[in-house]
Amino acid sequence: MTDPMPVHVPEQTFSPEEVAETLGTSAWWVREQARSGRAAHLRLGKSRIRFTAAQVADLVNRATVVADTSRTERQPEQVDASVLGATVRSIGAHRIRRSPAAPSREAT
């Protein structure tokens with residue numbers, strides 16, 4: 001005895017606008033994901049696209065970023081700037097400037 005043909009019950013489909021509202025994005029972004037092949041979708045006619053619940057779930061899974069807890073906070077490297085040496089500009093910047101009101105050491 002052969003198995004009877006399975007009856008395909010159509011499932012509910014969602015428009016790009018409905019998917020966008022659910023995900024909190026724009027309909028343009030949802031259409032772009034479908035157009036670029038990053039999201040599975042149904043194409044009905046020339047320009048009408050629809051999404052099943054499983055396809056929306058797959059889109060959410062693809063867009064989900066998993067936190068990387070293995071990375072430690074990067075500490076800045078300690079650099080020894082003394083190897084660069086002093087420049088004329090840096091020497092001038094660190095030269096002690098005397099104000100005209102302050103008595104000079106030479107006058108005493």
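This is a predicted model: local features need pLDDT of at least 70, side-chain atom pairs count only at pLDDT 80 or more; totals for chains, interfaces and linings use all residues.

Q: OK. Which residues make up the largest nonpolar core?
A: There are 10 residues: V19, A20, A27, V30, A34, A39, I49, F51, V56 and L59. A nonpolar core is a set of buried Ala, Val, Leu, Ile, Met, Phe, Trp, Tyr and Cys residues joined through side-chain atoms within 4.5 Å. Buried means under 20% relative accessible area, exposed over 50%, partly exposed in between (1.4 Å probe, protein chains only).

Q: Which elements give two or more residues to this core?
A: α1 (16–23), α2 (27–35), β3 and α3 (53–63). α2 gives the most, with three residues. Helices (H or I, at least four residues) and strands (E, at least two) are DSSP runs, numbered from the N terminus.

Q: How do α1 and α2 pack?
A: Their angle is about 115 degrees, and their axes are 8 Å apart. Axes are lines fitted to C-alpha atoms, for helices over the stretch in contact, and angles run from 0 to 180 degrees between N-to-C directions. The two helices, α1 and α2, are therefore roughly perpendicular (65 to 115 degrees; under 35 is roughly parallel, over 145 roughly antiparallel, the rest oblique).

Q: Who makes that contact?
A: P16, E17, V19, A20 and L23 come from α1, and A27, W29, V30 and R31 from α2.

Q: Switching to strands. What's the sheet order?
A: β1-β3-β2, in an open sheet of three strands with antiparallel pairing. Strands pair if DSSP finds at least two bridges between them. β1 (13–14) and β2 (42–44) each have a single partner strand, so one side of each lacks a neighbour in the sheet.

Q: How many bridges join β2 and β3?
A: Three, with β3 covering residues 48–52. R43 has I49 in β3 as its bridge partner.

Q: Last one. Is Q55 buried or exposed?
A: Buried, at 14% relative accessibility. Q55 is in helix α3. Not counting residues up to four places away in sequence, Q55 touches A40, H41, L42 and R50.

Key:
Residues are numbered from 1 along each chain as its sequence is written. Side-chain values use heavy atoms; hydrogens and water are left out. Contact means heavy atoms within 4.5 Å.
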